[in-house]
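Biologist: I am new to this structure and would like to go through it with you slowly, one question at a time.

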Amino acid sequence: MSPEKEKGGHELLVYSVAHFVVDFSCAFIMAGMVMEKETGAALLLIYNFCAFAMQIFIGIAADYINKNAVVATAGCVFVALSCFFHENLIIVVIIAGLGNAMFHIGAGVDILNSGISSSKIFPAGMFVSMGAFGIYLGKVLGSKAYMQAVVIILLFVMALLVLLTAAYSGKLVSSGNMKVSFSIKSTWHYISAIMFFGVVVIRSYMGMVMHFPWQGSIACGALLITIMTVSGKCLGGVFADKAGSLKASIISLAGAALLFMFSSNVIAGLLAVFLFQMTMPVTLWFLAGILDKCRGFAFGILTFALFAGYYASYRKTGIFLQDSTILSVISLVMMVAGIITFYAGKGKGECV
């Protein structure tokens, strides 16, 4: 293994573990401090706005600052500090949300930089997948007050590891971000970006409204869904690298649409979730390719899409569109359109 690949592997590992820790910590804070209150739903909305919608602005700042590891480290520290303001929950959700946003942007841009430079989608899939496990475990342990000290220690340890890894990789002073430009090469790419944005909105919305008849009646139902979600996101990058993004997207979303029709069966439902999640890293990789000189901004656009999907479910809008098969078919059409228009904008006839 070359020194560059070895360093890239260390970076991916540390950021993926840190992603687990940050999302675990935020879910722990929300479950233990916030959701037990009468105003929990409103506070969660504020948290999600800070954590996801604000990533657009933090992403732009990170693109210019060009110190991604420092931004990610600040995110870990912010989440840790939020634990000390438990008497004012609005401050807790704002600081924790902004910390979550900073970590995701800082780490995400570094992962995108290394993945795109090697033409690999897998790193993005590996990175994004670890958050789901963290969220699940954080919710489970949210009632354990003694875990708060552990959470704080873990966050500061990960902050230190991120900085040390950046120093080892030579990215502490400068992350190697490209000179910032928000220009888009062609009209085709505008269409492509809209398609990918829409796919992520649908994925987020489905994650909030999707419910299986067996979900509460079998042991570890939520854990099994989490495992399928994590596996789908992670292996989706591998599948796209091996089979090509267009073929992988068609197979995964068409398969999900078919299996959702039989999702009253446990196996069919779990496989549908697995297949549906496989395009997560693909949308991120392609939008970062469109906005290749402002990847923090690109990352933030898709997290804003996540917030939009969450907000639609929060406001009970689009309630007539809860059919998972229909939403999977719409996602399939948009993914195919997004990939084709991406390559039309690049002047290439083939799809990777």
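Biologist: Which residues have the most contacts inside the largest nonpolar core?

Modeller: This is a predicted model, where local features need pLDDT of at least 70, side-chain atom pairs count only at pLDDT 80 or more, and totals for chains, interfaces and linings use all residues. Residues are numbered from 1 along each chain as its sequence is written, and side-chain values use heavy atoms, leaving out hydrogens and water. A nonpolar core is a set of buried Ala, Val, Leu, Ile, Met, Phe, Trp, Tyr and Cys residues joined through side-chain atoms within 4.5 Å, buried meaning under 20% relative accessible area with a 1.4 Å probe, protein chains only. The largest one has 103 residues, and those with the most contacts inside it are Tyr15, Phe103 and Phe127.

Biologist: Is Asn68 buried or exposed?

Modeller: Asn68 lies in helix H4 (residues 68-82), helices being DSSP runs of H or I with at least four residues, numbered from the N terminus. Leaving aside residues up to four places away in sequence, Asn68 touches several others, including Tyr15, Asp110 and Asn177, where contact means heavy atoms within 4.5 Å. Because its relative accessibility is 0%, Asn68 counts as buried.

Biologist: How are helices H2 and H13 oriented to each other?

Modeller: Helix H2 (residues 40-53) and helix H13 (residues 295-314) pack at an angle of about 160°, with their axes 8 Å apart. Axes are lines fitted to C-alpha atoms over the stretch in contact, with angles from 0 to 180 degrees between N-to-C directions. Angles over 145 degrees count as roughly antiparallel, so H2 is, relative to H13, roughly antiparallel.

Technical notes
Buried means under 20% relative accessible area, exposed over 50%, partly exposed in between (1.4 Å probe, protein chains only). Helices (H or I, at least four residues) and strands (E, at least two) are DSSP runs, numbered from the N terminus. Angles under 35 degrees count as roughly parallel, over 145 as roughly antiparallel, 65 to 115 as roughly perpendicular and the rest as oblique.
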